[in-house]
Amino acid sequence: MKTFDGRIETIADHYGFEHQCKRAVEELAELIVALKHIEKLDENIVDYYLNLATELADAKIMIDQLIYLFNKDESLVEINGGPIEHEIDYKLDRQLFRINTGIEGAELP
């Protein structure tokens with residue numbers, strides 16, 4: 001299992017999986033709004049990028065907490081067939097396969 005910054009683990013352990021799932025929804029929604037503002041390309045673009053950096057940081061912190069808590073829960077790992085990192089590796093390898101073969105939507109052999 002990936003080792004996370006101890007601060008991530010402390011915060012995640014304090015609040016727990018269910019609470020942090022709800023919080024992650026809020027943070028990811030704020031990230032979506034920040035990403036949509038980037039499309040505007042108006043006079044506020046510097047502010048939009050500064051806000052995007054903030055929202056990316058918030059979202060990553062929440063996602064790291066969820067991954068840590070997911071991997072810590074043996075029942076969730078069992079349901080998933082392994083820790084989240086296995087799924088991440090598969091998806092990265094699949095996308096690189098698609099890029100290298102030029103076949104959109106292709107699955108790994």
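Among contacts in the protein chain between residues at least 6 apart in sequence, what percentage join residues at least 24 apart? The figure is 51%, where a contact means heavy atoms within 4.5 Å.

A note before the views: this is a predicted model, so local features need pLDDT of at least 70 and side-chain atom pairs count only at pLDDT 80 or more, while totals for chains, interfaces and linings use all residues. Residues are numbered from 1 along each chain as its sequence is written, and side-chain values use heavy atoms, with hydrogens and water left out.

**Figure 1. The whole chain, for orientation.** The protein chain has five helices and zero strands, with helices (H or I, at least four residues) and strands (E, at least two) taken as DSSP runs numbered from the N terminus. Along the sequence that reads α-α-α-α-α. The radius of gyration is 17 Å, well over the 13 Å that the globule rule gives for 109 residues, so the chain is more spread out than a compact globule; the radius is taken over C-alpha atoms, and the rule is 2.2 Å times the number of residues to the power 0.38. Those C-alpha atoms fill a box of roughly 50 × 45 × 20 Å along the principal axes. Of the 109 residues, 28% count as buried (buried is under 20% relative accessible area, exposed over 50%, partly exposed in between, with a 1.4 Å probe and protein chains only).

Figure 2. Asp64 sits in α3, which covers residues 45–72.

Figure 3. Ile8 belongs to helix α1 and is buried, with a relative accessible area of 10%. Not counting residues up to four places away in sequence, Ile8 touches Ile61, Asp64 and Gln65. Ile8 and Met62 are 54 residues apart in sequence, yet their C-alpha atoms are 8.5 Å apart in space.

**Figure 4. Asn71 and its polar contacts.** Asn71 is another residue of helix α3, and at 8% relative accessibility it counts as buried. Its side chain reaches the backbone nitrogen of Ile84 at 2.9 Å. The side chains of Asn71 and Glu85 are joined by a polar contact, also of 2.9 Å.

**Figure 5. Leu41 in the loop between α2 and α3.** Helix α2 spans 17–38, and Leu41 is found in the loop between α2 and α3. Most residues other than glycine have a negative phi. Leu41, though not a glycine, has a positive phi of about 50 degrees. Leu41 counts as exposed, at 64% relative accessibility.

**Figure 6. Thr3, ahead of α1.** Thr3 lies in the segment before α1 (6–15) and counts as exposed at 68% relative accessibility. From Thr3 to Leu108 is 105 residues in sequence and 28 Å in space, C-alpha to C-alpha.

Conventions. A polar contact is a pair of N or O atoms within 3.5 Å; within protein, one must be able to donate a hydrogen and the other to accept it, and residues adjacent in sequence count only if both atoms are side-chain atoms.
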